[in-house]
Each structure stands twice: as structure tokens, then as C-alpha cells.
Amino acid sequence: MSCRKRPAKRQLAQQSAGRGLHAAGSANDRRASLASLTAESDRHLEDLIARRLAMPVEKRMNFLRRRLPGGGSCL
């Protein structure tokens, strides 16, 4: 019975050693995917800024517009 336990312990040790290498590989994959997501987010932000700047000032700055008591509005 003791002969069976030793190989099982070796298998567990080999599996845990293999997990360490796999975890390091997945950490590198995670870093690469986070870097690509950051780059994509930056591209989307630049695209948003370019689209907003392409709009006329009236539409782009409508949050500054204030209503006047006479029924008009101004910036």
C-alpha cells in the first residue's frame, strides 16, 4: 500500500509544478489582453473626441446653454 502512495504524491507534485508554469503563462496572457483593451479604449476615446470636434459649436456645447426668462437662450 505504501508503494501506491508515493507515485500519487509524485503525480500531485508534478501537477502542481505544471500549474505554476501554466499560471505564469496565463498571467502573461492576461497582461497582453489588458494592454490591448487599454489601447482599444484609447482609440475609442480619440474617436469620440474627433466626432465631437467635428460637430458645430451649437451642438457640441449645448450643456453651456442657459434659458433666459424671455424665452430665449444664451451660452
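The following paragraphs lead through the structure, from the whole chain to particular side chains.

The mean pLDDT of the chain is 77, and 67% of its residues reach 70 or more. Among the elements of the chain, helix α2 (residues 57-60) has the highest mean pLDDT, at 81, whereas strand β2 (residues 73-74) has the lowest, at 70. Where pLDDT is low, the predicted coordinates should not be read in detail.

Which elements make up the chain? It has two helices and two strands, and from the N terminus on they follow the order α-α-β-β. Helix α1 covers residues 2-54.

How much of the chain is buried? Of its 75 residues, buried ones make up 1%. The chain exposes about 7000 Å², and carbon and sulfur atoms supply 59% of this area.

Attention may now turn to charged side chains. The structure holds one salt bridge. Its partners are aspartate 47 and arginine 51, whose closest N and O atoms are 3.4 Å apart. Both residues lie in helix α1, and the four residues that separate them in numbering correspond to about one turn of the helix.

Which residues form a nonpolar patch on the surface? Leu45, Leu48, Ile49 and Leu53 do so, and together they have about 360 Å² of accessible area. One of them, leucine 53, lies in helix α1. Leucine 53 has a relative accessible area of 56% and is therefore exposed, as the cut-off for this class is over 50%.

Key
Residues numbered from 1 in each chain as written. Predicted model: local features only at pLDDT ≥ 70, side-chain atom pairs only at ≥ 80, totals over all residues. Heavy atoms only, no water. Patch = residues over 30% accessible without salt bridge, like charges linked within 9 Å, V, L, I, M, F, W, Y side chains within 5 Å. Areas by Shrake-Rupley, 256 points an atom, 1.4 Å probe, with all protein chains shown as cover. Salt bridge = Lys/Arg side-chain N within 4 Å of Asp/Glu carboxyl O. Buried < 20%, exposed > 50% of the residue type's maximum accessible area, 1.4 Å probe, protein only. pLDDT = per-residue confidence, 0-100.
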